[in-house]
Amino acid sequence: MIKAQRGTKDIFGEESYTWQWILNNAQNVFQNAGFQEIKTPIFEATELFARGVGDSTDIVNKEMYTFQVGGIEKNATSITLRPENTAGVVRAFIEHNIVRQSPPQKFWYFGPMFRYERPQAGRQRQFHQVGVEMFGIKEPSADAEVIMSAVEFLKSVGLDNLEVELNTLGCPKCKNDYRNSIKEILKPHLENLCDDCKMRYEKNPLRILDCKNEDCQKIFEIKEVKNVILNDYICDECKDHFDTLTKYLDDLGIKYQRNKLLVRGLDYYNRTVFEIKSSALGSQSAVCGGGRYDGLVEMLGGASTPAVGFAMGVERLFTLVEKQEAPKLDYFIVSTNTKEAIKLAQKLRQQNKKVEFDMQARKFAKQLEKASKIAKNAIILGEDEINQGFYSIKNLETGEQTKIEKFENLI
RNA sequence: GCGCCUGUCGUCAAGUGGUCAAGACCUCGGAUUGUGGUUCCGAUAUGCAUGGGUUCGAAUCCCAUCAGGCGCCCCA
């Protein structure tokens, strides 16, 4: 038997109603906030992700689905199934000169992403993200708008009490100063860091702060190290930006926790970074991650443009959310006269009613039993009804049955 | 990519080396030839993730592969 590929999943039945519901809520909340939907291709040039996501990241180094296409001819090109969507949206932004529209340029998206990882709870090889990208606003109001949209969307799907963690990485200069100080203070302890952190020390020292290894944690607790970690290397401008943002969040009643150890894995972030977590998720606890990436558009060849965004993992959201049930039909047509039943179904569906009928013309009792499971009402269309031109409507909750003369009264 | 645990019907499961692999729910059929959701009867795995091996005998023991869970890593 051929099975679905490891880390992929069929979504159908009851689950699909919850998916639809999540998607509908995203559409409402984001469109009401002025975000337009953008659908970018599922594959892009490999180079886009190498440059956009960052070649020091695991995503690019070991998790991408990359293919050579065009056969073995010399001009075969390398394409990659998108591991995230920010790079693709930025590519579209540049390619279509969207920068020439008046800012802000606001987009939301929903779609599958691909990463070749070991699957576990909340982690699949094909997974889905909903997210938002906003361009053209350098003011902290943009950060606030984006975080607010995330929080409001989560509220709309009934998730009211998730923890928002917030940090600022500063501008490239602040980030660099901080990085250098971290490297300097950790240098004497390098031997005692875990193997992963030894690697990070060269490649991406800020990520050392994320390490949960006990030995590393002990080093962070050493006084001088702790001082450096918790010290602000943030310039006045970046500090103002962050302070203003937190004031907006206070005014909005959005609760957050400052987490100075929050450093996000993708290279492109600067200033604001945030995550929204749930302890109900196990070790993959982040539902949402995002931040500001003022340098990315320029880095990918566009005009220098400030930007903020976030992405949420829909599968993770799904585990947290209350499951939705299949909506009941307005009518189930109970009839052994298939010819009349199918015609009535067509007419009612044209009036935007949810209707089914029994295609096997089974026994009356069977049809009614089926109807009671999936519909609010049964329309009984037997010989008497057809000959005398009326409909018997049975309310399947109360059991009450009424006679209706005109089709219009069914609508 | 690494470590630990798991894998019996659509679902939840009993069975831990010796006749035909319990049971429940779901599904389908019947009791009920135009009145359901209750009840009662019946059907449904020559098969125990897959492939090998040990044994007179394997769902049960061993090996490999595949898949799932948790943790590491990474991230949403």
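This is a predicted model: local features need pLDDT of at least 70, side-chain atom pairs count only at pLDDT 80 or more; totals for chains, interfaces and linings use all residues.

Residues are numbered from 1 along each chain as its sequence is written, chains are lettered from A and ligands numbered from 1 in the order in which they are written, and side-chain values use heavy atoms, with hydrogens and water left out.

**Helix α6**

- Helices here are DSSP runs of H or I with at least four residues, strands are runs of E with at least two, and both are numbered from the N terminus.
- Which residues of α6 are buried? They are Cys 174, Lys 175, Tyr 178, Ser 181, Ile 182 and Leu 186. They cover an arc of only 130° around the axis, so they sit on the same side of α6. That arc is taken from the directions from the helix axis to the C-beta atoms.
- Buried means under 20% relative accessible area, exposed over 50%, and partly exposed in between, using a 1.4 Å probe and protein chains only.
- The cover over the buried residues of α6 includes α7 (195-203), α8 (214-221), α9 (223-230) and α10 (236-252).

**Pocket and cavity**

- Both are found on a 1 Å grid over the protein atoms alone: a cavity is a set of points where a 1.4 Å probe fits but cannot get out, and a pocket is an open set with protein on both sides within 12 Å along at least five of seven lines. Lining residues have an atom within 4 Å of a point.
- Grid points are joined across faces, edges and corners, and a volume is the space filled by probe spheres set on the points.
- The second largest pocket has a volume of about 420 Å³. Its lining draws two or more residues from each of α2 (46-52), α6 (172-186) and α11 (296-299).
- There are 27 lining residues in the second largest pocket, with Lys 175, Leu 266, Asp 267, Tyr 268 and Tyr 269 nearest its centre. Lys 175 is also one of the buried residues of α6.
- Sorted by class, the lining of the second largest pocket has 11 nonpolar, seven polar and nine charged residues. Ala, Val, Leu, Ile, Met, Phe, Trp, Tyr, Cys and Pro count as nonpolar, Asp, Glu, Lys and Arg as charged, and the others, Gly among them, as polar.
- How many cavities of 30 Å³ or more are there? The count comes to one.
- The largest cavity has a volume of about 130 Å³. Of its 15 lining residues, Asn 167, Thr 168, Tyr 178, Ile 234 and Lys 260 lie nearest the centre.
- The lining of the largest cavity has nine nonpolar, three polar and three charged residues.

- Look for a cis peptide bond between Pro 103 and Pro 104, with omega about 0°. Pro 104 is in the loop between α4 (86-95) and β5 (105-114).
- Arg 271 isn't a glycine, yet it has a positive phi of about 50°. Arg 271 belongs to strand β9 (residues 270-277) and is buried, at 14% relative accessible area.
- Asn 352 has a positive phi too, near 65°. Asn 352 is in the loop between α13 (338-350) and β13 (355-357) and is exposed, at 68% relative accessible area.

**Single residues and their contacts**

- Contact means heavy atoms within 4.5 Å.
- Cys 288 is in strand β10 (residues 286-292) and is buried, with a relative accessible area of 1%. Leaving out neighbours within four places in sequence, Cys 288 contacts Ala 150, Phe 274, Glu 275, Ile 276, Phe 310, Ala 311 and Met 312.
- Glu 117 is in the loop between β5 and β6 (126-135), and at 17% relative accessibility it counts as buried. Not counting residues up to four places away in sequence, Glu 117 touches Glu 63, Arg 123 and Arg 125.
- Leu 344, in helix α13, is buried at 5% relative accessibility. Apart from neighbours within four places in sequence, Leu 344 contacts Ile 333, Ile 379, Leu 381, Tyr 391, Phe 407 and Leu 410.
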